[in-house]
Amino acid sequence: MNKSQTNLDILRHSTSHVLASAVLQMFPEAKFAIGPAIENGFYYDFDLPRTLIPEDLEILEEKMRAIIKANHPFERAEISPEEAMKKFKKLKQAYKVELIKELHLSFLETKSPIGDLVSKKVTVYKIGSFVDLCSGPHLDSTGEIPFDAFKLTKISGAYWRGNEKNKMLQRIYGVAFETKKELNEYLHMLEEAEKRDHKKLGKELDLFCFSDLVGPGLPLFTPKGTTIIEELKKEVEKICRHYGFEKVSAPALARIELFETSGHAKKFGDELFHVTSDKKHNFVLKPVQCPHHTQLYASKTRSYKDLPIRYMESDKMYRAEKTGEVGGLSRVYAITVEDGHSFCRVDQVKNEIKNMVNIIKDLYSSIGLWDNHWVSLSVRDYDHPEKYIGESSDWDTCEKMLQEISDEMGLDAKKQEGEAALYGPKLDFMFKDAIGKEIQIPTVQVDFATPKRFGLEYINEKGEKVPPVMVHRAILGSYERFLVLLIEHYAGAFPTWLSPVQVEIIPVSEKFNPYAEKINNQLSASNIRVKISKESATLGKRIREAEKQKIPYMLVVGEKEETNNSVAVRSRKEKEPADAKAMAGKQEVMRVEKFIEKILEEIKKKS
Ligand SMILES: [Zn+2]
Ligand SMILES: [Zn+2]
């Protein structure tokens, strides 16, 4: 924890005392439990005579501001446990009494010499008339809390000491910052995160669903969701093919021995799915692709002239993880992983890694995330070499090489000790999404160990059999996780090239359905994803619906458009009310051919 973080924690915890003091003013019979600082704020648990309602929070905030303005000092006192017990019994603070009893017991049990040195006193803090049992530290006085940089955010139930056998208390959560600006930024971020929640948008935009009969943690992708994934796949594979990767395909099943050899059986342990049959089959579902790829490599004798050999595969892998959040894609049992490996000679490793970094750069630039990234050079935990496989000299070589690559490519990678993979160091790429949340997705890893474990080899220039080096790379992580990122990053308004429906044709009345059909056919023939809005709802309602679906372009067609073989183009960016008059000025009328040309250009540029 750095220094400023500590200061912020003190501020937040001090604010929780002020909240407790405000609660005491509102409910003189309130009983107090605990009130620690947490990420972005604090909470305090209370036993109150009635259930709190959201309106109470505003009243409490007002009282808190008054306490802050009164600038009460935090008065600290050290008293004996016996004295403290008497004091809090008198105040009828049963929870504090329970805490003091425990503290007292722990004092008595401390027999070490250090224990004899500590005072064995408990500390109490007083602000105004409110006394609390607390070890501190706090600010000097309530006046140091910025009165406009905190907010009480929610009320929830919490068992005393987190034990469901105990009484359910009421917990008030708050957030607190050093400035009003930081508070507002945080509140804005929360609001945005809620608006962009992938579970909410995934449902509204009809991208994926779940079925009880299929099972939890097993998402089903709708035609729209599948379209996005397929478009991404095409783009990734196109870029990778440019860098010499060839697509391969391996089954989901394999004998456990494959993963025992690779070390993944041990690594994944109870996260492996075992598949058996009455015909004595005994397989596991692949948790990673790498071991299958080693067997493709091993299928032939390889010469130094054949290397590098680069495989890529986008396939589902299965991990029996703990069930995560319901209805979301963040943690699922089946993940579609875009995975690639290069088998190469030692003298080629550097170039292979550079290639992979370029692939990552190309893709993330095309979706507008590259400008906001940093790179981690994830190395060993030097104090615990036993956590890794492979030879220490190989590790030294790899770590040095990654550092050189970072320097030569201007990656400015930051060394992070203890973040390496089991078999080698790696470069991890971190991005910030639209609301500033940091995400780590692509990674490039050097691996001397796996080829040796599988006995992979090639014949070098001297005619000797030597092991190749394996470089692993993941560009999107999994498509599921990447879709979460994209949904939240774009708030569902995907760029045209990724949009499941790129154009919606909206005839002003049924009379123009045939003309709409004609344009529909023209656009389809140019590989544009298009649909016609044929519902009987009003024009305004249909436009609003298309806007809600975040379709990039709406083509409104009527009498005038049909006569001129044109369309009135309404793009997603305009949020004006959809009444006919307001619309008139917001639409650009153009010939159908011109529109096709324009949108194809946009799709091609991925802008
Ligand atoms: Zn305290
Ligand atoms: Zn791999």
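This is a predicted model: local features need pLDDT of at least 70, side-chain atom pairs count only at pLDDT 80 or more; totals for chains, interfaces and linings use all residues.
**View 1. The zinc ion (ligand 2) and its donors.** Three residues coordinate this zinc ion: Cys290 through SG, His341 through NE2 and His472 through ND1. The coordinating distances run from 2.0 to 2.2 Å. Along the chain, the donors follow the spacing C-x50-H-x130-H. The pair of histidines links distant parts of the chain, with His341 in strand 16 (residues 334-344) and His472 in strand 23 (residues 469-478). These two residues are 131 residues apart. Both His341 and His472 are buried.

**View 2. Val446 and its contacts.** Val446 sits in strand 20, which spans residues 438-447. Is this residue buried or exposed? Val446 counts as buried because its relative accessibility is 1%, and the cut-off for buried is under 20%. Leaving aside residues up to four places away in sequence, Val446 touches Val349, Ile353, Cys398, Leu402, Tyr423, Gly424, Pro425, Val469 and Met470. One of these contacts, Cys398, is 48 residues from Val446 along the chain. The C-alpha atoms of Val446 and Cys398 are separated by 6.9 Å.

**View 3. The largest pocket.** Its volume is about 910 Å³. The lining of the largest pocket consists of 34 residues. Lys267, Val288, Arg319, Thr443 and Gln445 lie nearest the centre of the pocket. Six elements are shown for this lining: helix 10 (264-268), strand 16, strand 19 (426-432), strand 20, strand 23 and helix 15 (479-490). Each of them supplies at least two lining residues. Strand 23 gives the largest share, with 5 residues. By class, the pocket lining divides into 14 nonpolar, 10 polar and 10 charged residues.

**View 4. The largest cavity.** Rolling a probe the size of a water molecule over the atoms shows where empty space is left. How many cavities of 30 Å³ or more are there? The count comes to 1. The largest cavity holds about 40 Å³ of space. Its lining is made up of 13 residues. Nearest the centre of the cavity lie Asp394, Trp395, Tyr423, Phe448 and Ala449. Tyr423 is also among the contacts of Val446. Helix 13 (392-409) and strand 20 each supply at least two residues of the cavity lining. The largest share, 3 residues, comes from helix 13. The cavity lining has 8 nonpolar, 2 polar and 3 charged residues.

Key
Residues are numbered from 1 along each chain as its sequence is written. Chains are lettered from A and ligands numbered from 1 in the order in which they are written. Side-chain values use heavy atoms; hydrogens and water are left out. Donors are N, O and S atoms within 2.8 Å of the metal (3.2 Å for Na, K and Ca); water is not among the atoms, so sites may look incomplete. Helices (H or I, at least four residues) and strands (E, at least two) are DSSP runs, numbered from the N terminus. Buried means under 20% relative accessible area, exposed over 50%, partly exposed in between (1.4 Å probe, protein chains only). Contact means heavy atoms within 4.5 Å. On a 1 Å grid over the protein atoms alone, a cavity is a set of points where a 1.4 Å probe fits but cannot get out, and a pocket is an open set with protein on both sides within 12 Å along at least five of seven lines; lining residues have an atom within 4 Å of a point. Grid points are joined across faces, edges and corners, and a volume is the space filled by probe spheres set on the points. Ala, Val, Leu, Ile, Met, Phe, Trp, Tyr, Cys and Pro count as nonpolar, Asp, Glu, Lys and Arg as charged, and the others, Gly among them, as polar.
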